[in-house]
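Work through the exercises below with the sequence and the model in view, and try each task before reading its solution.

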Amino acid sequence: MVYELRRYECTPGQLKNLNELMEVLAVPVFKKVGMTFLGAWKPEVGDDENTLVYLLGHHDMGARERAWKAFYEDPEWVAKRAELAKKHGGPLVARTHSVFLTPTSYSPMK
């Protein structure tokens, strides 16, 4: 299993809107295309108050690549993402970061 830790730094004032997009659109499409969505968090302490962090699980990097391709080509994602961008007046995310993690021998998550 490969875990993908994604960190989205929002444009100012857009974290609420990004959370809406994730809840009503992205997470359901993740599930529809077979992605394993493990959770999402917002940092509580520090200078990351405008940041969303979430974790996905993939069988391997090839499965990850296929899943993201299916996600970005999904008709619901394409149509509704454009609607939400228009509703919120532009980009919600300024920068994204991904870290790929593989479990250690002593990790409870394999």
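**Exercise 1.** Which residues make the nonpolar surface patch of about 200 Å²?

*Solution.* This is a predicted model, in which local features need pLDDT of at least 70, side-chain atom pairs count only at pLDDT 80 or more, and totals for chains, interfaces and linings use all residues. Residues are numbered from 1 along each chain as its sequence is written, and side-chain values use heavy atoms, with hydrogens and water left out. The patch is made by L5, V99 and L101.

**Exercise 2.** Which residues are the closest to the centre of the largest pocket?

*Solution.* Start from the volume of the largest pocket, which is about 330 Å³. The lining has 21 residues, and the closest to the centre are Y8, L21, W77, R81 and V93. Next, find the elements that give two or more residues to this lining: strand 1 (2-10), helix 1 (15-32), helix 2 (61-73), helix 3 (75-88) and strand 4. Finally, sort the lining by class, which gives 17 nonpolar, 2 polar and 2 charged residues.

Notes
Patches are made of residues with over 30% relative accessible area and no salt bridge: like charges are joined within 9 Å, nonpolar side chains (Val, Leu, Ile, Met, Phe, Trp, Tyr) within 5 Å. Accessible areas come from the Shrake-Rupley method with a 1.4 Å probe; for residues, only the protein chains shown count as cover. A salt bridge is a side-chain nitrogen of Lys or Arg within 4 Å of a carboxyl oxygen of Asp or Glu. On a 1 Å grid over the protein atoms alone, a cavity is a set of points where a 1.4 Å probe fits but cannot get out, and a pocket is an open set with protein on both sides within 12 Å along at least five of seven lines; lining residues have an atom within 4 Å of a point. Grid points are joined across faces, edges and corners, and a volume is the space filled by probe spheres set on the points. Helices (H or I, at least four residues) and strands (E, at least two) are DSSP runs, numbered from the N terminus. Ala, Val, Leu, Ile, Met, Phe, Trp, Tyr, Cys and Pro count as nonpolar, Asp, Glu, Lys and Arg as charged, and the others, Gly among them, as polar.
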